Amino acid sequence: MSNHLPNEARVIPLRPHGARPSGAPPRQVPPAPAAKEPLWRDLVGDVLRRERLAQERTLKDVADEARISMPYLSEVERGRKEASSEVLAAAAHALGLGLGDLLTRAQGELTRVTSRYTAGSRRGVTTSSRDGMCLAA
């Protein structure tokens, strides 16, 4: 008598787990996928949402003050829409921020997040605050 339930399939492996057929090349482990850098719209949306929640304000309240539709502001906060500078400025002002403040916070977030990605992939590479183009006369 079998100890299997009547409706349960029984699996019989053809070879032990992890075993390779004779003469087969060793299995290569695929490289880990490269971490994707965040999109600007995601970072800006995160900053807007964090600031709105820190002020304990509703999406409707901020959207009304910014003269933006509530669904559109929600999409911007979730990084689903690439908002124009006018829309971003209106949302920022509704939260008591200037456009520069919003973009500076998003840039800080970008720097913080991407430092995790570049730390492992740029070993031995030094960065300088003067990286860029040099023109000589």
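Biologist: Hi! How many residues apart in helix α5 are Arg 112 and Glu 109, and what does that mean in helical turns?

Modeller: Hello! They are three residues apart in helix α5, so about one helical turn separates Arg 112 from Glu 109. Keep in mind that this is a predicted model.

Biologist: Thanks. What do Arg 112 and Glu 109 form?

Modeller: A salt bridge, in which the closest N and O atoms are 2.5 Å apart.

Biologist: And is Glu 109 buried or exposed?

Modeller: Glu 109 counts as buried because its relative accessibility is 14%, and the cut-off for buried is under 20%.

Biologist: Okay, zooming out. How many salt bridges does a search of the whole structure find?

Modeller: The search turns up ten salt bridges. One of them joins Arg 49 and Glu 77, with the closest N and O atoms 3.0 Å apart.

Biologist: Where do Arg 49 and Glu 77 sit in the chain?

Modeller: Arg 49 belongs to helix α1, which covers residues 40-54, and Glu 77 belongs to helix α3, residues 70-77. The two are 28 residues apart, and the pair links distant parts of the chain.

Biologist: Which residues are linked with Arg 49 in a network of salt bridges?

Modeller: Arg 52 and Glu 77; together with Arg 49 they make up the network.

Biologist: Let's move to Glu 51. Which side chain does Glu 51 meet in a salt bridge?

Modeller: That would be Arg 105, at 2.6 Å from N to O. Glu 51 lies in helix α1 and Arg 105 in helix α5, residues 99-121, so this pair ties together parts that are 54 residues apart in sequence.

Biologist: Is Glu 51 buried or exposed?

Modeller: Glu 51 counts as buried, at 16% relative accessibility. Arg 105 is partly exposed, with a relative accessible area of 39%.

Biologist: New topic: what is the mean pLDDT of the protein chain?

Modeller: The mean is 81, and 67% of the residues reach 70 or more.

Biologist: Where is the pLDDT below 50?

Modeller: Over residues 123-135. Beyond near neighbours in sequence, that stretch has one contact in the model.

Methods
Residues are numbered from 1 along each chain as its sequence is written. This is a predicted model: local features need pLDDT of at least 70, side-chain atom pairs count only at pLDDT 80 or more; totals for chains, interfaces and linings use all residues. Side-chain values use heavy atoms; hydrogens and water are left out. A salt bridge is a side-chain nitrogen of Lys or Arg within 4 Å of a carboxyl oxygen of Asp or Glu. Helices (H or I, at least four residues) and strands (E, at least two) are DSSP runs, numbered from the N terminus. Buried means under 20% relative accessible area, exposed over 50%, partly exposed in between (1.4 Å probe, protein chains only). pLDDT is the predictor's confidence in each residue, from 0 to 100. Contact means heavy atoms within 4.5 Å.
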